[in-house]
Amino acid sequence: MTDAPFHDTGYKALFSLPELVQQLIEGFVTPDIAQLLDFSTLELVAGSFVTPAMQSREEDVVWRVKMADTMLYLYLLLEFQSTPDAAMPVRMVQYVAALYDSLIKEKRVDPRRLPPVLPVVLYNGERRWRVATDIGEVIECPPVLRAYQPRLRYYLLDEGAYSDHELAGVRNVVAGIFALENAESKEEALAVVGRIGEALQALPDRERIDRVLTQWVKRYLQRVHPGAMMAVEETLETGEGTMLATNVQKWAEELLREGVQQGLQEGMQQGIHRGQHEGKLWALRQLLRVRFPEADLTPYQSRLDAATDAELEHLLTKAATAATPDAVFATE
């Protein structure tokens, strides 16, 4: 897992894009809420918020969006510690109170008619989240005092709790970001980047999103899967198409070289000289299994067995971005 400051900064840039905020809500928050929001009215709320403990919350992201006849404030708390924080219910009460206090002081709201707030905790730690999501659940008191205790529930998005199948079923960029965070190998990471590139194609004004997203993907892979990034230029590319789509092919070539080396190493460990051809074949099969985990690859076995070195290299590059196994093996 990477360090918190990098994630906070990177995620703040991602979720300062209204398109990704919309995808986060539509893909991972209950439809009962998402269907009531007018995402065309999304407005980023500037400024930082100071909690009663005098800690600035500059790394979090706050949006306002029209919800029926009112304005909803969406508070995204970016939680990138390695383990869940048992104090989160108390912290969230502080953060929402600090948000209200700031809005009142800046005369953005009437203190007699406060707008609703949807607090969302976005967590990507290694351990699953077992902390209460409502402060009322952790306050122990006699029933006679229950009505006088604070109540506040936050919406939890625990990235690591989603299965690969669940994330693959949500075909948007945010699902791809979560899947990339969960990727355990360079091969899996490269395949997920291909899915992100495909989802990016469906967004309007994607060039602006692409620049921010590519920067995040590049920095993330450099820290977590550095071998998959050796072929990426230090400066972002410009031109037609998405930068992700352009860079995926470079990463595929690097993956091929690493697959050859790993194939050779595995063969030596087993006392078998696999050679470069077997290394390429191993890399392609690994990538196909990651990209298409539910597909039956048996019909393509004869094609794989008969492929030359050059054909394996071509198939591996196609497998990084193709939508289906048929597209990988289609004759051109």
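Visitor: What is the strand order in the open sheet, and how many strands does it have?
Guide: This is a predicted model. The open sheet has five strands, in the order β1-β2-β3-β4-β5. Their pairing is mixed.

Visitor: Which strands sit at the edges?
Guide: β1, residues 37-44, and β5, residues 155-158. Each of them pairs on one side only.

Visitor: And how are neighbouring strands turned against each other?
Guide: By 25° on average, with direction ignored.

Visitor: Back to β5. How many bridges join β4 to it, and do they run parallel or antiparallel?
Guide: Four bridges, and the two strands run parallel. β4 covers residues 117-123.

Visitor: What stands opposite Leu122 there?
Guide: Leu157, in β5.

Visitor: Now the helices. Which strands does α2 lie across?
Guide: Helix α2, residues 18-28, lies across β1, β2, β3 and β5. For reference, β2 is 61-67 and β3 is 70-79.

Visitor: At what angle to β1?
Guide: About 135°.

Visitor: Switching to charges. How many salt bridges does a search of the whole structure find?
Guide: It finds 13. One example is Glu43 with Arg64, whose side chains meet at 3.0 Å, N to O.

Visitor: Where in the chain are those two?
Guide: Glu43 is in strand β1 and Arg64 is in strand β2. They are 21 residues apart, so the pair links distant parts of the chain.

Visitor: Why can side chains like that pair at all?
Guide: Because opposite charges can pair when the charged atoms come close.

Visitor: Which elements give two or more residues to the lining?
Guide: Four helices: α5 (164-169), α6 (173-182), α7 (186-201) and α10 (275-291). The largest share comes from α7, with seven residues.

Visitor: How does that lining divide into nonpolar, polar and charged?
Guide: There are 13 nonpolar residues, four polar and eight charged.

Methods:
Residues numbered from 1 in each chain as written. Predicted model: local features only at pLDDT ≥ 70, side-chain atom pairs only at ≥ 80, totals over all residues. Heavy atoms only, no water. Pairing = 2+ DSSP bridges. Axes fitted to C-alpha atoms, helices over the stretch in contact; angles between N-to-C directions. Contact = heavy atoms within 4.5 Å. Nonpolar A, V, L, I, M, F, W, Y, C, P; charged D, E, K, R; others polar. Salt bridge = Lys/Arg side-chain N within 4 Å of Asp/Glu carboxyl O.
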